[in-house]
Amino acid sequence: MQHARRTTASLTAALAAGTLALAGCAGPGSAAAADSVVVDYWLWDANQLPAYQRCAEEFERQNPELEVRISQYGWDDYWRKLTAGFVAGAGPDVFTDHLTQYPGFAKKGLLLDLHTLDATQDVDYGGFQEGLADLWVGQDGAQYGMPKDFDTVALFYDRNMITEAGLTPDDLEGLDWNPEDGGSFEKVIAHLTVDENGVRGDEEGFDPDNVAVYGMASNGSGGTAGQTTWSWLAGATGWKFTDADVWGTEYHFDDPRVQDSLAWLFGLVEKGYMAPYEEVGTAPNPQQALGSGRAAISANGSWMLGTYANLEGVDLGIASLPSGPVGHPVSMYNGLADSVSAQSPDPEEAAQWVAFLGSDDCQRLVGEAAVVFPARPAGTEAAIEAFGEKGLDVSVFTDLVEKKQTLYFPVTEEFGAIDSMMTPIMDEIYIGDRDVSTLTEVNDRVNGLLE
Amino acid sequence: MTETTTAPAAATTTASPATTGAPPPRRRRRVTPGRVLAWVVMILVLLVTLFPFYWMLRTALSSNGALYANATSPLPVDFSWGGFERVFGLQTTEEAIAQGGSGASIDFWLYLRNSVVVATVVTVCQVFFSAMAAYAFSRLRWRGRDTVFGVFLLSLMVPVIFTLLPNFVLVRELGLVDTLLGIMLPGLFMTPFAIFFLRQFFMNVSTEVEEAALIDGASKVRVFFSVIVPMSVGPIATIAILTYIGSWNDYFWPLMVSYTDESRVLTVALGNFNAQTPQTGPDWSGLMAATLVAALPMILLFLVFARRIVNSIGFSGIK
C-alpha cells in the first residue's frame with residue numbers, strides 16, 4: 001500500500017511537471033494588438049494571394065484601426081477547414097465563397113446578409129458585370145456575397161499543331177456546331193486527330209483505336225455542371241440547367257437537347273477524336289494533354305490562362321467556343337464572391353473589408369495581377385490590359401459576357417446531394433456504360449431531391 | 001544487496017545491443033548460380049523501391065512548363081532549382097507564379113522548427129506516459145485493471161475522424177487554437193496503441209528480476225525506471241520512432257488547429273504545393289521538391305535507427 005501511494009504521488013508530480021514544461025514550449029499564441037480589430041480573411045487561390053495582400057495593405061492604410069489577416073489553404077483543405085471552423089465556431093470573418101457551396105451555408109444561417117451591414121448596404125450591386133450580383137441573392141432576397149471575379153470558357157490550342165495540320169488559326173474562328181453532325185467544329189477536330197500511322201481522323205483508313213493525337217482534349221465527364229466539358233455545347237442549343245436563372249426548382253436533364261449534346265461529345269471517344277475514360281481517369285489533365293501534344297484543342301476556363309500560357313513548346317492560341325444552333329457560342333458564366341460569416345465577432349468591420357474587396361480600388365489591383373477577371377468593369381479592364389502585356393488576347397472570354405452569350409452555373413438547393421448523384425452517372429455516360437436517354441429518369445430523381 | 005541485483009540487470013541490457021549487433025563468425029560461401037540469381041533479384045527489388053525516389057528528384061529538378069512535353073524523359077527536363085527554391089522560400093512570389101508555383105510565401109525554417117518541436121515533444125511525452133501506463137497495466141495489481149485496459153483497447157477502434165471535431169472544440173475552449181500546444185495535445189499523453197504495444201513487452205520481462213528488486217527495497221517507481229525501462233530499451237525506441245514519424249506526418253489535425261505561420265508545421269505548409277488544383281495545374285516540381293525535403297528527416301531517422309528497429313524484434317524473443 002505504501003508503495004502504491006508513493007507511486008501515485010510521483011506520477012501526479014511528473015504529470016504536472018510535464019504539463020508545465022509543455023506550456024512553456026507552446027509558441028506565441030494569436031495575441032493580436034489589443035487596440036485594433038483583426039479581420040480574418042480566407043481564400044484558396046494562392047496565385048491571387050499577392051494581389052489580395054496588396055488590397056489588404058491599401059485597406060489598412062485607409063483604416064488604420066483595422067487589420068486584415070489573410071490565410072490561404074488549397075481547395076480541398078479550404079472547404080474541410082471552413083466546415084470544421086463553422087462547426088467549432090473558429091472560422092474566418094470573411095471568406096471566398098463558391099456558388100456550389102453558398103446555398104448550403106445560407107440555409108444553415110452561417111452567412112450574413114450584406115444588406116443588413118452598414119458598410120455594404122449602400123453598395124451598388126448593379127455596378128458589377130451583368131448578373132454577377134444576382135447569383136449571390138438568396139431565395140430570401142438576402143445578398144450573401146460581394147462579387148469578386150468571374151470566369152468563362154474558351155478553346156485553347158497550340159498554333160504549331162494547327163499549322164502542321166495545314167490549317168491556320170483563322171480556321172478556328174467562327175466555327176459552328178450542332179448535336180447531329182457536329183458541324184464545322186467536328187470537321188476541325190477530326191482533321192486535327194492523327195492515328196499511330198499518321199492518318200488523320202477525316203482521312204480514309206483512320207484507326208480510331210490507336211490514336212496518337214486527339215483532336216479534343218478530355219476534361220472528364222464534367223459532373224452536374226460540365227463547366228468546361230459539355231455545358232457550352234448544351235448551352236449553345238438553347239438549353240438551360242433549370243427553370244430559372246438562379247434558385248430554379250426543376251432541372252432539365254430530361255431535355256433532348258442536353259442529352260443529344262452529351263451523346264455527341266462522348267461519342268467522340270468512339271470516333272477516336274477524344275481520349276477514353278480509361279486514359280484520363282478521375283483526374284483529367286487537359287493542359288498536360290495539350291502540352292505533351294496528346295491533344296490539339298482544349299476547352300477550359302479563363303482561370304487556367306496562366307497555366308496554359310506557361311506550357312513550354314506550345315505557341316498558345318485562344319479561340320472562341322463554336323456557335324451552336326442558337327446562332328452564337330454560349331459559355332458557362334461563373335462568379336466567386338466574398339461572404340461574411342454569421343459567426344464573426346466583428347461583422348461591421350468585416351463588412352468594411354468586404355466593401356473594399358468589391359470596390360474599384362481593390363478589383364483594379366486584382367486585375368493588374370492578370371490571374372482572373374475581376375467582377376467590376378474597371379477591374380476587368382485592368383485584367384484585359386495586364387493579360388495583353390503578357391501577349392495574351394483574352395477578348396474571347398470577355399466578349400461572351402458583353403454579348404450576354406452566357407449560361408449561369410446552376411444555383412439550387414441540395415446541390416451537394418445532386419452532384420454526388422450526378423457525377424458517377426455522367427462518368428458512366430462517358431465510359432459508355434449508360435445511354436443518355438436514361439437521364440430522363442435521373443432527372444426525376446434530381447427533382448425529387450428538390451421537393 | 002541492492003547493488004548486486006540491479007547492477008547485473010542493467011549490465012545485461014546495455015550490453016545486449018552490442019552483442020546482438022556483432023556479426024557472428026561466418027563461413028565463406030561459394031558463388032553458386034542460385035546466389036547470383038538471388039543477388040540479381042535483390043538488386044532489381046532495390047531498384048524498384050528506389051525508383052520513385054529518383055523520379056521525385058528528377059521531377060523536382062525540372063521546370064513545370066516543360067514537364068508535360070517530356071513526361072517520359074528519364075532525366076530532369078529543362079533543369080531548374082526552382083522547385084527547391086520555392087520550398088525554401090527563396091523565390092519572390094512573382095518568380096514563383098511565373099514558374100507555375102504558388103503565390104504563398106513560405107517560411108521554411110519556421111515550419112521546420114514547429115515540426116521538430118511538435119514531433120519531439122509529442123514523442124517524449126507520449127512514450128514516457130504510455131510506458132508508465134503500460135507498466136501499470138502489466139505489473140501493478142489493482143481492481144478493475146483489465147476492464148480499464150479493455151476500454152483503452154476499445155478506443156483503438158474509434159476512427160480518428162470521430163474525435164476530430166470534439167477535440168477541435170475542446171482545444172478552442174481551452175484557447176489553444178493556433179498554438180503548438182493545441183497541435184500536440186491530442187497525442188501528448190498517450191495513445192492506446194503505444195500502451196498496448198509496450199504492455200505486451202513489459203509482460204515478458206521476467207518477474208524474478210522485478211521481485212528481486214522489490215525484495216531489495218526498491219519502490220515500484222524505482223523498479224520501473226531501473227529495471228523495466230532499461231530492459232525494454234528496444235521496444236521503447238521502436239515506439240518512439242513510430243510516434244515521431246506519425247507525429248511528423250500528421251496533416252489534418254495540424255491543418256485544423258493552425259491559423260497562422262506561428263503554428264504551421266511543415267506538412268501543412270507544403271500541402272500548398274499539392275492543392276493548386278482546380279484553380280491552376282499542380283506545381284509538380286515544387287510538390288516533388290517539398291515531398292523530398294519533408295521526407296528527408298524521416299529517411300535519416302531510419303538510417304540512424306534501422307538497427308534499433310530490427311533489434312527490437314529480437315528483444316521480444318529473448319526475454
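**View 1. Confidence along chain B of the predicted model.** Chain B has a mean pLDDT of 80, with 81% of its residues at 70 or more, where pLDDT is the predictor's confidence in each residue on a scale from 0 to 100. Among the elements of this chain, helix α6 (residues 108-138) of chain B has the highest mean pLDDT, 92, whereas helix α1 (residues 2-21) of chain B has the lowest, 42. The pLDDT is below 50 over residues 1-21 of chain B, a stretch that has 21 contacts in the model beyond near neighbours in sequence. Because this is a predicted model, local features need a pLDDT of at least 70 and side-chain atom pairs count only at pLDDT 80 or more, while totals for chains, interfaces and linings use all residues. Residues are numbered from 1 along each chain as its sequence is written, and chains are lettered from A and ligands numbered from 1 in the order in which they are written.

View 2. The average pLDDT of chain A is 87, and 92% of the residues score at least 70. Confidence in chain A is highest in helix α8 (residues 231-235) of chain A, at a mean of 95, and lowest in helix α1 (residues 2-25) of chain A, at 43. Over residues 1-33 of chain A the pLDDT stays under 50, and the model has 33 contacts beyond four places in sequence for them. For the complex, the predictor gives a pTM of 0.78 and an ipTM of 0.71.

**View 3. A helix of chain A against a helix of chain B.** Helix α3 (residues 75-88) of chain A and helix α8 (residues 160-173) of chain B have axes that come within 10 Å and cross at roughly 60°, the axes being lines fitted to C-alpha atoms, for helices over the stretch in contact, and the angles running from 0 to 180 degrees between N-to-C directions. That angle makes α3(A) oblique to α8(B), since angles under 35 degrees count as roughly parallel, over 145 as roughly antiparallel, 65 to 115 as roughly perpendicular and the rest as oblique. In this contact, A:A84, A:V87 and A:A88 of α3(A) meet B:L165, B:F168, B:V169 and B:R172 of α8(B), with residues in contact if their C-beta atoms, placed from the backbone, lie within 7 Å. The residues of the contact of α3(A) with α8(B) comprise six nonpolar, no polar and one charged, where Ala, Val, Leu, Ile, Met, Phe, Trp, Tyr, Cys and Pro count as nonpolar, Asp, Glu, Lys and Arg as charged, and the others, Gly among them, as polar.

**View 4. Two helices within chain A.** Helix α14 (residues 360-368) of chain A packs against helix α15 (residues 377-389) of chain A at an angle of about 20°, with the axes 7 Å apart. The two helices, α14(A) and α15(A), are therefore roughly parallel to each other. By class, five nonpolar, four polar and three charged residues make up the contact of α14(A) with α15(A).

How values were computed: Helix = DSSP H or I, 4+ residues; strand = E, 2+ residues; numbered from the N terminus. Contact = placed C-beta atoms within 7 Å.
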